[in-house]
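Thanks for coming. Please have a look at the model on the screen before I go through a few of its surface features.

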Amino acid sequence: MSDPKDKVKIQIDSIKTPAGEVPTVESLKNVVAGLNVLNSDMNNLNANVEKNMSAIDKELRNIRKLIAEETVSFEVMSQKLEKVSNQLERLAKSEKEKWESLQEIMMDIAEIIKGFQASLDEYSARVDQRMKETFKALAEIVTVTMREEQK
């Protein structure tokens with residue numbers, strides 16, 4: 001743009017002719033000079049706009065590139081999170097199956113212990129009965145032996 005000091009003041013002088021007032025050659029030269037200044041300002045403005053548009057376009061391309069990179073990064077992270085989530089689900093399912101299997105084994109062990117306890121109770125009752133019978137027989141033997149010794 002032109003400097004404010006470079007402003008051209010266009011003064012149009014005219015001369016009177018039989019056809020009416022006509023601008024002077026100097027006035028026309030001043031108008032052309034003013035239009036040249038305006039054209040130069042427009043060219044400078046156009047160059048500045050083009051330069052700024054180029055910089056803006058470059059920044060937009062950089063922003064698009066960053067957005068694309070972030071999108072790819074987000075997709076990769078999303079895929080990794082989905083993979084971890086799937087692994088956790090499989091692990092949870094496996095642990096649940098193991099827990100259920102362990103519960104079944106513990107129930108089987110409890111049944112075995114109950115059976116063992118029942119067998120032990122039955123065996124203990126038989127042993128108690130035999131011991132009673134043995135002590136009774138022993139008592140009879142002792143009694144018989146004592147009677148014989150007293151005779």
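This is a predicted model: local features need pLDDT of at least 70, side-chain atom pairs count only at pLDDT 80 or more; totals for chains, interfaces and linings use all residues.

Residues are numbered from 1 along each chain as its sequence is written, and side-chain values use heavy atoms, with hydrogens and water left out.

Salt bridges, then. The term means a side-chain nitrogen of Lys or Arg within 4 Å of a carboxyl oxygen of Asp or Glu. Searching the whole structure gives five of them. Asp 57 pairs with Arg 61, with the closest N and O atoms 2.7 Å apart. Both lie in helix H1, four residues apart, about one turn of the helix; helices are DSSP runs of H or I, at least four residues, numbered from the N terminus. Asp 57 is partly exposed at 34% relative accessibility, meaning between the buried limit of under 20% and the exposed limit of over 50%, with a 1.4 Å probe and protein chains only. Arg 61 is also partly exposed, at 47%.

Another salt bridge joins Glu 95 and Lys 98, at 3.6 Å from N to O.

Now the patch. Its nonpolar surface is about 910 Å², and its residues include Leu 35, Leu 45 and Ile 67. Patch residues have over 30% relative accessible area and no salt bridge; like charges are joined within 9 Å, and nonpolar side chains (Val, Leu, Ile, Met, Phe, Trp, Tyr) within 5 Å. Areas come from the Shrake-Rupley method with a 1.4 Å probe; for residues, only the protein chains shown count as cover. Leu 45 lies in helix H1, residues 25–150.

Key:
Helices (H or I, at least four residues) and strands (E, at least two) are DSSP runs, numbered from the N terminus.
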